[in-house]
Amino acid sequence: EGSRAHVEPSLSFRRDGGSGFWALRGGYKYTEYNLDGSPSNLAFYGDQQTDRGIGFFSADAGLFFERDIGAENGRLVQTLEPRIYYLSQGYEAQDRLPVFDSVPLSMTFDQLFSDDRFAGLDRIGDADRLTLAATSRVLSASGKELGSFALAYMDHFSDPRVQWPGRADIGASDLVAGEQSITGQQGWQLRARQLWNKDLSAWEELGASPHLRGS
């Protein structure tokens, strides 16, 4: 039991253009805990007051290409959107910190471009990793997305040291993620997703789901 205070000052810059974007972000994550003075707390944590401070930096960039493709029912547009994301986040031992609300996050395609491996604030994962991705979409003349295919690869340059005891932390592995979607004319959509753990040479997820939107 106790209280927690967290501050996260950061600086970021982003530049968008018709053919792509690039963005930089850096900052510092500082968390302070004030725990009660019960014998059980002091026996494990040692002090009533403890803190943690971790710096981070990320760079994100993407390009956007498009071309017209023929179709019997009119003009369609196909895009190609390569993207690269790098994250550097410092390490600090956190085994002696309390856990109020943290758990490892489920990995998704979008999560490969995030600086968080854990939900909550009690665990901050160290990182030195690069994500490479490419997305292709087919758009109607009005700009409606008819289908998409995305593939990404996340590579850790060094093994993450912050681990979650007793539960697999998929975000600490090298991963390949894929997502696909097809949208029909009557409001239905079919989505599929895949997640391959390169370290274990095993699928973490294979799934597909139908969706129907009301008019």
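**Aromatic pairs and the nonpolar core**

Good morning. Tryptophan 22 counts as partly exposed, at 40% relative accessibility; that term covers values between buried, under 20% relative accessible area, and exposed, over 50%, with a 1.4 Å probe and protein chains only. This is a predicted model, in which local features need pLDDT of at least 70, side-chain atom pairs count only at pLDDT 80 or more, and totals for chains, interfaces and linings use all residues. Residues are numbered from 1 along each chain as its sequence is written, and side-chain values use heavy atoms, leaving out hydrogens and water.

Phenylalanine 13 is also partly exposed, with a relative accessible area of 40%. Rings of Phe, Tyr and Trp (its six-membered ring) pair if their centres lie within 6.5 Å; planes under 30 degrees apart are stacked, over 60 edge-to-face, and the rest tilted. The structure holds 7 such aromatic pairs. The ring centres of phenylalanine 13 and tryptophan 22 are 5.3 Å apart and their planes are at 45 degrees, so this pair is tilted. Tryptophan 196 and tryptophan 203, by contrast, pair edge-to-face, at 5.0 Å centre to centre and 75 degrees between the planes.

Let us turn to the core. A nonpolar core is a set of buried Ala, Val, Leu, Ile, Met, Phe, Trp, Tyr and Cys residues joined through side-chain atoms within 4.5 Å. The largest one has 14 residues, and Met107, Phe109, Leu112 and Phe113 have the most contacts inside it. Ring pairs also link Phe109 and Phe113 with Tyr85 into a cluster.

Thank you.
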